[in-house]
2 protein chains.
Amino acid sequence: MLLSRFFLPVLKETPKDAEIVSHIYMLRAGMIQQSSSGIYSWLPLGKIILDNITDICRNEMILAGANEILMPTLQSANIWKESGRYEDYGKEMLRIKDRNERDLLYGPTNEELVTEIFRTHVKSYKGLPLNLFHIQWKFRDELRPRFGVMRGREFLMKDAYSFDVDYESSIKSYNIMFISYMQLFKKMGLKAIPMKADTGPIGGDLSHEFIVIADTGESEVFLEEDFLSFEGSLNEINYERDLQNEVDKFTSFYAATEEKHNPNDKKIQSLNLIKTRGIEVGHIFHFGQKYSKPMNAIVNKNDGKNTPVYMGSYGVGLSRLVGAVIEANHDKDGIVWPQEIAPWHYNLINLKSGDKSCDDTCKNLYKLIQEKNYTVLYDDTDERAGAKLARADLLGLPFQIIIGPKGIKEKLFDLKNRKNGKIERLSYDELSNFINQNNR
Amino acid sequence: MLLSRFFLPVLKETPKDAEIVSHIYMLRAGMIQQSSSGIYSWLPLGKIILDNITDICRNEMILAGANEILMPTLQSANIWKESGRYEDYGKEMLRIKDRNERDLLYGPTNEELVTEIFRTHVKSYKGLPLNLFHIQWKFRDELRPRFGVMRGREFLMKDAYSFDVDYESSIKSYNIMFISYMQLFKKMGLKAIPMKADTGPIGGDLSHEFIVIADTGESEVFLEEDFLSFEGSLNEINYERDLQNEVDKFTSFYAATEEKHNPNDKKIQSLNLIKTRGIEVGHIFHFGQKYSKPMNAIVNKNDGKNTPVYMGSYGVGLSRLVGAVIEANHDKDGIVWPQEIAPWHYNLINLKSGDKSCDDTCKNLYKLIQEKNYTVLYDDTDERAGAKLARADLLGLPFQIIIGPKGIKEKLFDLKNRKNGKIERLSYDELSNFINQNNR
C-alpha cells in the first residue's frame with residue numbers, strides 16, 4: 001500500500017478526552033473517530049486491525065465446527081418477553097419503537113433470537129450437537145461510555161451458541177469453545193488467562209472469562225506465576241476429541257480477579273502468586289435450559305422422549321480486543337503490533353521522496369516484499385524525515401526499512417525491529433535475504 | 001463441506017407469505033429466516049452468498065482506489081440537523097432516544113457522517129481526490145416491507161463517497177465509480193444496465209441507477225436491444241485513466257424505466273427497442289456541494305482560496321443483490337447460481353450413504369476436488385436418493401456429481417450441469433479429468 005493513497009489522518013497532539021493509552025494511540029494513529037458518545041467510526045487502519053482480529057476469531061470458530069450465521073442488529077421485543085429478560089435488562093438495552101409503534105430493541109446479545117431460529121428448524125437429537133455463531137454489532141447503552149472502543153456503546157462481538165441433547169454433551173461443547181478461545185487469543189499474539197466467572201444477566205451454572213494480561217489493564221488479577229508460561233498442548237488440538245483433560249489443565253491453576261480473590265484462602269497460601277492487571281476480552285457461559293424452557297426449544301431424544309435443549313453462549317469482544325491488543329503491546333513511541341495481527345509486515349520509509357536513487361531503491365524493495373507475499377506500507381509522501389520516522393514508530397509495524405540519501409551513498413540501509421528497537425545496517429543483498437527468509 | 005455438519009434447514013413446502021421467486025427459494029433453501037417484519041437472519045448458506053457478493057464489491061472498490069472505513073449503524077441526529085435532512089426524511093428514518101434522551105437514528109445512508117469525518121481531517125487539495133467506502137447495515141422503516149430481502153427494513157449496503165477539489169475532478173471520480181459498478185456486476189455474473197435516474201432525497205445534478213435484467217423484476221424497462229450484448233472494454237479497465245469515453249459508450253444507448261420512458265419521443269422512433277424487466281441494485285449520485293456547504297467541509301485549493309468540497313455518493317444494495325441474483329438465475333426446480341458467486345463449485349451427492357463403495361468413491365472425489373482448489377458440498381446425509389437430488393437442484397450449485405450403487409456397478413457416474421440440465425455419464429478417470437480442467 002502506498003501511504004500517499006491511504007487515508008491515515010495521524011494526529012500530532014494527544015487528544016484531550018482520551019485517558020488510556022489504547023484510546024490515545026488509536027486516535028493518534030488515525031484508527032478511529034468518535035461520532036457520538038461511545039460510538040465510533042473505524043478509519044482504514046482501524047478497519048484493517050478489526051478485520052484481522054475478526055478473521056482469526058472466525059477461522060477458529062469454523063475449525064471448532066461452528067456454523068456462521070448473521071442475525072440482525074434489531075430484534076423484536078416479543079422474544080425477550082418470552083424469555084423474561086425484557087424487563088430485567090434495564091436501561092442498558094436500547095428500546096426502539098418503529099413507525100407502527102411496535103417494540104424493537106438493538107440487540108445487546110442474542111440468546112433469544114438464536115433460540116428462536118433453533119426451535120423453528122431443529123426438532124430432533126439428529127440435528128445435534130449444533131453450534132451457531134455470528135459476528136455482528138451490538139449496542140449497550142452504558143451509563144458512562146469511556147476508554148474509546150474498550151467501553152463503547154456500539155461494539156462488535158462474536159457470539160456463538162451451542163445446542164445439545166443433554167447435560168454431558170453440552171459440557172463437551174462448552175469445553176470445545178473454552179479451548180478454541182485459548183487458541184484464538186494465542187493466534188492473535190495475546191496471552192489470555194481463563195478465570196472462573198459470575199454469570200450475570202446471561203445466567204447459568206458454569207462460566208469463564210478470558211483476561212488478556214496488560215500492565216495498563218482495567219482490573220487487578222491474581223494468578224499462579226507458572227500459569228503465565230503454561231501453553232497446554234494447543235498446537236495439537238483436535239476438536240473431535242474429548243477436551244475435558246485440556247480444560248482441566250488450564251483450570252487447575254489459580255487465577256482470580258480482585259473481586260473474587262481472597263488472600264486469606266488457605267488453599268492458596270502455598271502457591272507462588274503474582275499480582276498483575278488484565279482486560280476481559282471473552283466470556284463463556286453454560287446455562288443449560290434457561291432459555292430453551294421458557295421459549296419451548298424442545299428436541300426429541302433418541303429414546304423417543306422430549307427435552308428442552310441444553311445451551312451455552314460464548315462471546316468475544318472484537319472491537320474491544322483492538323484496544324486490548326494495544327494496551328498489551330505498546331511503548332512510549334506508539335503501538336507495537338504483534339506480528340499476527342499487524343496491518344502490514346513492513347513499513348518501507350523513503351526519507352527523501354523525489355530523490356531518484358531513494359525512489360528507485362524503494363520501488364525495488366516494494367516490489368520485492370510483495371513478491372515474497374509479505375505486505376508493506378510504503379511511505380512515499382513528501383513529508384520531512386523526522387515526521388516520517390515518528391509516524392512509523394507510532395504505527396508500530398513489525399519491521400521498518402529506512403531508505404535515505406546517506407544509506408544510498410554508503411550502500412547500507414537501516415532495518416529496524418520495532419519491538420526491541422534494534423537497528424541493523426544491511427546491504428541491499430542482506431536486506432533482500434532478510435525479506436526472503438520467513439521472518440514473521 | 002460435509003452437509004451433515006452444515007446447518008441447512010431446507011423447507012419442503014412453499015412458504016405461505018412469500019410472493020416472489022427469490023423470497024420463496026431463499027426460504028426453501030434455508031438461506032434466511034424472518035425475525036420481524038422486514039428484518040432477517042442470514043442462515044449459513046445465505047451468509048456465504050452475501051459474503052461472496054460483498055467480497056466482489058469490496059475488491060472492486062479497492063481496485064478503483066477507494067479506502068475502506070466502517071461507520072457505525074447509529075448516528076447522532078445533530079449532523080442531520082446540520083445538513084437539513086433530519087426533518088426531510090420522514091417516517092422512513094428510525095429515530096431513537098438513548099438513556100440520556102439524546103436523539104440518535106439508525107443510519108439510512110451516510111452522507112452527513114462521512115462529511116463530518118472528512119471535514120475533521122482534510123483541509124487541503126493535497127488530500128484529494130479521496131474516496132471512502134464502507135459496508136454496513138442500514139435501516140429504512142419501509143411502510144410495506146415485502147419480497148424478503150428485496151425490500152427489507154434492515155439491509156446491507158456498500159456506500160462510497162468521493163471528495164474532490166472541483167467540479168471536473170468530481171466528474172472523474174463519478175466516472176470511476178460508474179465503470180467500477182459495470183465491473184462488479186459483471187464479476188457477479190449479472191447483466192446490469194445503467195440508466196439516467198432521479199436523485200430523490202440524496203440530491204444532486206447527475207445520477208444513474210443500475211438495473212439487473214430479470215424476467216421477474218419489479219420494474220418494466222425499455223432499452224436498445226444492442227445494449228444487452230454490449231460489454232464496453234471492461235476487461236482492460238485502468239482506473240488511472242480518464243474514463244469519460246468508457247462512460248459515454250454506456251450512456252449512448254437508450255435505456256429507461258417505465259416512469260421515464262416516453263414512447264412518443266421522436267429520438268427513439270428509429271431505435272430497435274425491447275421491453276424487459278429489471279431490479280435496481282445500485283444507484284450513484286453526483287451532488288457537488290450539497291452537503292459540504294451547510295456542513296462546512298471546506299478545502300484549500302492550490303491557488304490558496306477555499307472551496308466547499310465536491311462530492312458524490314455511490315450505493316450498492318448487497319443484501320438485495322442476493323435476491324436479485326436469484327430472480328435473474330433460477331428455474332422451476334430451484335436456484336441456478338452464476339459460477340462467480342456460487343457457494344461451492346460442486347455438489348457431490350452420495351445416493352446411498354453407508355454403502356462402502358459409494359462412501360469410498362465419494363471420499364476420494366471429495367479429496368480430489370479440494371486438492372484442485374475447488375470447493376465442494378458433499379451430501380453425506382442418510383436421506384433417500386430422491387430427496388437428495390431435489391435438494392441439490394434447489395441449492396443450484398454449478399455441477400452435481402451423483403454417486404450411487406448403479407453407477408458404481410457400471411463404473412459410470414453422473415455429472416450434471418445444473419444450468420442446462422445436461423447429464424454426462426463419465427468414468428472415474430473422465431470425471432477426474434473434468435475436475436482437473438478449469439471448468440468454472
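This is a predicted model: local features need pLDDT of at least 70, side-chain atom pairs count only at pLDDT 80 or more; totals for chains, interfaces and linings use all residues.
**Exercise 1. Describe how β5(A) is joined to strand β6 of chain A.**

Solution. The two strands run antiparallel, and 4 bridges join them. For one position in the pairing, take A:Arg95, which stands opposite A:Leu105 in β6(A). Now follow the chain through the hairpin, where 5 residues lie between the strands. In this hairpin A:Glu101 has a positive phi, near 65 degrees.

**Exercise 2. What rotation superposes chain B on chain A, and through which surface do the copies meet?**

Solution. A rotation of 180 degrees, with 0.0 Å of shift along its axis, superposes chain B on chain A with an RMSD of 0.0 Å. This is the relation of a two-fold axis. Next, find the residue of chain B that comes closest to the axis: B:Ile96, with its C-alpha at 3.0 Å. Finally, compare the interface residues. Of those in chain B, 100% are also interface residues in chain A, so the copies meet through the same surface.

**Exercise 3. In what order do the 5 strands of the open sheet in chain B stand, and which helices pack on β19, β20 and β21?**

Solution. The order is β20-β19-β21-β22-β23, with mixed pairing. At the edges are β20 (376-379) and β23 (423-426) of chain B; each has a single partner strand, so one side of each lacks a neighbour in the sheet. On average, neighbouring strands are turned by 20 degrees against each other, direction ignored. Helix α10 (residues 356-371) of chain B lies across β19, β20 and β21 of chain B, at about 165 degrees to β19(B). Helix α11 (residues 385-395) of chain B touches β19, β20 and β21 of chain B, and its direction makes about 175 degrees with that of β19(B).

Conventions:
Residues are numbered from 1 along each chain as its sequence is written. Chains are lettered from A and ligands numbered from 1 in the order in which they are written. Two strands pair if DSSP finds at least two bridges between them. Copies are superposed by least squares on the C-alpha atoms of residues with pLDDT of at least 70 in both. Two residues are in contact if their C-beta atoms, placed from the backbone, lie within 7 Å. Axes are lines fitted to C-alpha atoms, for helices over the stretch in contact, and angles run from 0 to 180 degrees between N-to-C directions.
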